Amino acid sequence: MAWLSPSDQKALVNFLRELVQIPSPSGQEGALAQRLAEEMERLGFPEVKVDKVGNVIGKIGSGNRPTILFDGHMDTVEVADYSSWTRDPYGGEIDGRLLYGLGASDMKGGLASMVYGLAALIKAGAKIPGTVYFVGVVQEEPSEGTALKASLQEEGIMPDFAIVGEPSSLRIIQGHRGRMGIIVTTKGKACHASAPELGQNAIYAASRIIFGIELMSSQFLNDAYLGKGSAAVTWIRSESPSRNAVPPICSFYVDRRLTLGETEAKALAEIRSIVIREGANAEITVNEYEARSYTGYTWKVREYFPAWFIPQTHPLVQAGLRAAERVLGFKPPLGCWKFSTDGVYTMGEAGIPTIGFGPGDEQWAHSPDERIRIDDLFAAAEVYAEMVLEIMR
Ligand SMILES: [Zn+2]
C-alpha cells in the first residue's frame, strides 16, 4: 500500500527543510530536538519525550515484544569550508527532485523519513503487535553509539532489533568496520640539545613506532565484506623544557579502523610489539574523555567501537529485504557502510541484531553541497512502515 498521501509527502519535505534550517552541530542539538518532538506529537505519537541525555524518544505499539528500535542522530558536523558550498548549508533549497543542505543525507533525511514512516502506521491504524521506539540521538558524530547507549540504559529500553537510518542509498546495510582512538606516549630523558647523547629523545622513539605502524598496516586483517583494517597517525605533540632541549615526552594519536576479527586487545598488542622491538619506553592507551550534552548530562566516552556484521540469512535482513521490495518493486542490493554508526553499540557491543537502511547517499555525508533525493525520502518512509509489519509478522 501507499503509506504516504501527496499531502503527507509535501509535509515530509517541508519538515526536512525545517530540520536543515535548524543548525545542530554536535553538542548543540536542543532546538532540533524540540522541533522533532513537536512534529512527533503533531503526528499523533502516543508517547514522546526528550530525555535527560537530550535524546528524543517516541514510542508506538502495544508495549509487548518484540521491540524494534529506529535510531538516527540529530547532530551534524560543522561546515568545514563555506567557500566550497554553492548552496546555503542551512537553506534547505530544493532544486528539481533534490533537497540541499548540511545534514540532508547525514542524516536529517533519515530522521524525517523514520518519523513519517512510523506516523503513517499510526494514521493507517495499523495493528502493531509489538513495540517500536524511535530515538533521535545527540553527539553521534564524535562518539557513535554512546549517547544511544546512555538513553537505552537510563530508560530501560531493551530492543530485540535495531534499524539505523543513516544514508544507505536505499540498500540494506549489513555492517561496517569499527574504530579505536589510541594514544601512544613515549618517555625519554631531557637534556641540553647541544649534547643530545646525554638524553633520550622521545620524538625519536615516537618516530620509530610511527614508522613501524605504517609498515604494519599492510598486514592488517582483510574481511570479505567489511574490507581491511587500517591505521592512520593523525595528531602528535611533544613536551620539552625549551626548543633547545631534548624532549622527554611525545604523544601521538592513532585512528585505527577495525575489521571483523580485530579486537581491542589485538590492536593494542600490535602496537606493543613495535614498542618492544624498538626498545622504547611507551604507554599505550585507549583514548577516553567525558562528553556533555546540551542538557548538561555527562557520560564517559572510551574510543573503542567494535566492527559488526549481520549475515544475509538473518531473519532481520530477510524482513528488511521483503519490506524494501514491497515498496521499491525489487529486492535492493545488500552492502556495508564505510563510515561508523550507532550500530557499533547496538550490534557491536550489545549484540542486538541490526541493519542499516536510509535515504540519501553516504558519499554526500560531510561534503559540500550535501543533498538528498526527495523521492528517496518517500520510499524510505514507506519501507520503514513495512519493516515494522514484516519484522512482527
Ligand atoms: Zn551520520
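Student: Which residues does Met392 touch, leaving aside those up to four places away in sequence?

Tutor: Met392 touches Pro66, Ile128, Pro129 and Gly130. Keep in mind that we are looking at a predicted model. Met392 itself lies in helix α9, residues 374–392.

Student: How far is Met392 from Tyr253 in sequence and in space?

Tutor: They are 139 residues apart along the sequence, and 45 Å apart in space from C-alpha to C-alpha.

Student: Let's turn to the strands. What makes β4 and β5 a pair?

Tutor: Pairing needs at least two bridges between the strands. Two bridges join β4 to β5 (residues 98–100), so these strands count as paired. They run antiparallel, and Asp95 stands opposite Leu98 in β5.

Student: Why are β4 and β21 called edge strands?

Tutor: The open sheet has three strands in the order β4-β5-β21, with antiparallel pairing. β4 (94–95) and β21 (371–373) each pair on one side only, and that makes them the edge strands.

Student: Which helix lies across β5 and β21?

Tutor: That is α3, running at about 45 degrees to β21.

Student: How is the packing of α3 with α1 described?

Tutor: Two packed helices are described by the angle between their axes and the distance between the axes. For α1 (residues 6–21) and α3 (residues 104–123), the angle is about 145 degrees and the axes are 10 Å apart. The crossing is right-handed. From α1 the contact includes Leu12, Phe15 and Leu16, and from α3 it includes Leu111, Ala112 and Tyr116.

Student: What classes of residue make up that contact of α1 with α3?

Tutor: It has ten nonpolar, one polar and two charged residues. Asp8 of α1 and Lys108 of α3 are among the contact residues, and Asp and Lys both count as charged.

Student: And how is the chain divided into domains?

Tutor: Domain 1 covers 6–176 + 307–392, and domain 2 covers 178–292. Their centres, taken over C-alpha atoms, are separated by 36 Å. Twelve residues from domain 1 and nine residues from domain 2 make the contact.

Student: Which element gives the most to the side of domain 1 that touches domain 2?

Tutor: β8 does, with three residues. By class, that side of domain 1 divides into four nonpolar, eight polar and no charged residues.

Technical notes
Residues are numbered from 1 along each chain as its sequence is written. This is a predicted model: local features need pLDDT of at least 70, side-chain atom pairs count only at pLDDT 80 or more; totals for chains, interfaces and linings use all residues. Axes are lines fitted to C-alpha atoms, for helices over the stretch in contact, and angles run from 0 to 180 degrees between N-to-C directions. Helices (H or I, at least four residues) and strands (E, at least two) are DSSP runs, numbered from the N terminus. A crossing is left-handed if the near helix is turned anticlockwise from the far one by less than a right angle, and right-handed if clockwise. Two residues are in contact if their C-beta atoms, placed from the backbone, lie within 7 Å. Domain bounds come from an automatic or database domain assignment.
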